[in-house]
Amino acid sequence: MSQLQINEVAPRDGLQIEARFVPTADKIRWIDDLSATGLARIEATSFTSPKAIPNLADAAEVVVGIQRRSGVEITVLVPNLKGCERALACGVDEINLVMSASDSHGLANLRMTPEQSLAQFETIVAKAQGSGVFVNASLSTAFGCPFEGDVPQERVLALVERLLGLGIQGVTLCDTTGMADPAQVGELCRAVTARWPQTPFTLHFHNTRGMGLANALAAWQAGITRFDAALGGLGGCPYAPGATGNVCTEDLVHMFERMGVATGVDLDALLAVSAKLPDLVGHATPGQVVKAGKADRRYPMPQRG
């Protein structure tokens, strides 16, 4: 199986709900450090309204200010046509659109039903055509909605078909509130990869109920090689009750590398960046490996008196 591609989402998904604003210069240094670890792509920010997400009000300054490294793609979340125009002007590699698989979460998070989101995407895709920028769409609540409960797999597949029909090139299936289980994940991943074998699918898990790594493993076993993750396990959706952070990047990389699955990421370098994260955001982070060390860490024998 080909090498995994890890998409680091903490600079966007993580910072958007943090209590304090991280200064622009600190964000730029942080993303530059992340880009030196071998990550395939970094979701650097969101070109949304500063009133909606004040923590990401400096989107353009961040994207223009970061160091661009060969082999590391910079992706940004784009909520509307204006955001797309701003992102394209900054020379990003990828834009990521977002919609919900359920009506209620779409209305709570985006003030739009899935049908309204799809209509907006059509104008955004048209704007991006010819730019050379990859267009991805993230489908929230693909594994369950905190308001409606189960989201039928048939509905998810139908929405994926609609997205690809618009000219969107890649799709991220999001477990927005950590409702997924490994069996469900495997079933949906096998379904999408069998139906659209040439489409790059990314899986986005939250660790709300402690199943983030198990779900990532199930997705990989079903043929998925692209994963979103957030350094330190930061993140969460403000319109998803009970949601906690994303699956932790360094824990995900550690798991796969221990299994002999190449991620392309320098885990030691990533852990060094993660160790600085509490000072950046002002609180402890839930990542495990940065605290315990890698599984090959060895300790001296205790001294007997």
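Colleague: Which residues have the most contacts inside the largest nonpolar core?

Modeller: This is a predicted model, in which local features need pLDDT of at least 70 and side-chain atom pairs count only at pLDDT 80 or more, while totals for chains, interfaces and linings use all residues. Residues are numbered from 1 along each chain as its sequence is written, and side-chain values use heavy atoms, with hydrogens and water left out. A nonpolar core is a set of buried Ala, Val, Leu, Ile, Met, Phe, Trp, Tyr and Cys residues joined through side-chain atoms within 4.5 Å; buried means under 20% relative accessible area, exposed over 50%, and partly exposed in between, with a 1.4 Å probe and protein chains only. The largest such core has 90 residues, and those with the most contacts inside it are Trp30, Ile95, Leu173 and Phe227.

Colleague: Which helix gives the most to this core?

Modeller: Helices (H or I, at least four residues) and strands (E, at least two) are DSSP runs, numbered from the N terminus. The helix that contributes most, with six residues, spans residues 153-165 and is H7.

Colleague: Which residues does phenylalanine 227 contact, leaving aside neighbours within four places in sequence?

Modeller: Contact means heavy atoms within 4.5 Å. Among the partners of phenylalanine 227 are Leu4, Gln5, Ile6 and Asn7. Others include Thr202, Leu203, Phe205, Trp220, Leu252 and Phe256.

Colleague: What share of the residues of the protein chain counts as buried?

Modeller: The protein chain has 13 helices and eight strands. Of its 305 residues, the share that counts as buried is 54%.

Colleague: What is the radius of gyration of the protein chain?

Modeller: This radius is taken over C-alpha atoms, and the globule rule is 2.2 Å times the number of residues to the power 0.38. For 305 residues, a compact globule would have a value near 19 Å, so the chain agrees with the rule at 19 Å.

Colleague: Is threonine 141 buried or exposed?

Modeller: Threonine 141 lies in the loop between strand S5 (134-140) and H7. Its phi is positive, about 50°, although it is not a glycine. Because its relative accessibility is 0%, threonine 141 counts as buried.

Colleague: Which residues does threonine 45 touch, not counting those up to four places away in sequence?

Modeller: Threonine 45 is found in strand S2 (residues 41-46). At 1% relative accessibility, threonine 45 counts as buried. It touches Arg12, Leu56, Ala59, Val63, Thr75, Val76 and Leu77.
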